[in-house]
Amino acid sequence: MKTLTLAPIQFSSLPNLPLFFATFLTAYLTAYFAVFRRWSPKLRPEAASCFISLLHGTPAVLFASLSILSDPNRGFASPNTDPQDSALDYSIAYFSMDLVHYLIFYPSDLLFIGHHLATLFVFVTCRYLVAHGAFAILVLLILAEVTSFCQNTWTLASARRGDLEVAAKVYEILSPPFYAFYSVVRGVAGPIFMYEMIRFYLSGAADHVIPRWVWLSWVVVVVSAISVSILWISNLWVELYRERTGKIVKKVT
């Protein structure tokens, strides 16, 4: 009978967290008070949030990818490596900063606040409680953030399309390919990887390093996030169809 031993809580790289958090805080304040200073007060918080999301998304994909590829023993139950821990710390800092943003400016947005808290729970338990499973969590992070650049560009264009012609044009051109890219990643690649992850953990092969309650909570969080993402993009496809068919009707009439 195998005995489960939780990894001692790791604090060796905790200095990374204040450094990364300070980076995102500085970027947020710079965006809010300088980059988007001419935007309306109503739009500036969302724009600043998009700014730090851009700072997080693509670099997080690169950090996570490199940390996974540098680990020859990568797997669903493999111990975390130092580069993988740093990649997790980077994302923990970002989601913590963005959570502060929502608590200050959008305290009633319980969906996003809940999403950020759940995501932080997954990252923190993987990084500091069990110290295993970063491969799975970072692959999921890559799938979640690979669309970040397109999504944030689309969000910023959407925010200003009513008063800026160039924003309206970017929104119109970007929407179909962004929706398609997002649909493939969240609607196809994500569920396929989750199937493999769940099948592995159900076999019990990781029970000696990752308690069942931990990986089950990861599964619940990720499956919920994927489901909400599919619902969100489905609604956007419906809206796009209505917009395009509405324009066609107007031209015909």
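Figure 1. The structure, which is a predicted model, holds 29 aromatic pairs, where rings of Phe, Tyr and Trp (its six-membered ring) are said to pair if their centres lie within 6.5 Å, and where planes under 30 degrees apart count as stacked, planes over 60 as edge-to-face and the rest as tilted. One of these pairs is formed by F36 and F51, whose arrangement is edge-to-face, with 6.4 Å centre to centre and 85° between the planes. The pair links distant parts of the chain, since F36 lies in the loop between α1 (16–35) and α2 (44–69) while F51 lies in helix α2, 15 residues apart. F36 counts as buried because its relative accessibility is 8%, whereas F51, with a relative accessible area of 29%, is partly exposed; here buried means under 20% relative accessible area, exposed means over 50%, and partly exposed means in between, with a 1.4 Å probe and protein chains only.

**Figure 2. An aromatic cluster and the surroundings of F24.** One aromatic cluster is formed by F20, F24, F63, Y90, Y94, F95 and F123. Within this view, F24 has its place in helix α1, and F24 counts as buried because its relative accessibility is 0%. If its neighbours within four places in sequence are left aside, F24 is in contact with I52, L55, H56, Y90, A93, Y94 and M97, where contact means heavy atoms within 4.5 Å. By comparison, the C-alpha atoms of F24 and R244, which are 220 residues apart along the chain, are separated by 38 Å.

**Figure 3. D71 in a loop.** D71 is found in the loop between α2 and α3 (82–105), and with a relative accessible area of 6% this residue is buried. When the neighbours within four places in sequence are left aside, the residues in contact with D71 are S78, P79, T81 and Q84. Between the C-alpha atoms of D71 and D82, which lie 11 residues apart along the chain, the separation is 10.0 Å.

**Figure 4. The backbone at A131.** A131 is not a glycine, and yet it has a positive phi of about 55°. The residue is placed in the loop between α4 (110–130) and α5 (134–145), and A131 is buried, with a relative accessible area of 17%.

**Figure 5. The whole protein chain, for orientation.** The secondary structure of the protein chain comes to eight helices and zero strands, where helices (H or I, at least four residues) and strands (E, at least two) are DSSP runs numbered from the N terminus. Along its principal axes, the C-alpha trace of the protein chain spans about 75 × 40 × 35 Å. Of the 253 residues in the protein chain, 43% are buried. Among contacts between residues at least 6 apart in sequence, 75% join residues at least 24 apart.

**Notes to all figures.** Residues are numbered from 1 along each chain as its sequence is written, and side-chain values use heavy atoms, with hydrogens and water left out. For this predicted model, local features need pLDDT of at least 70 and side-chain atom pairs count only at pLDDT 80 or more, while totals for chains, interfaces and linings use all residues.
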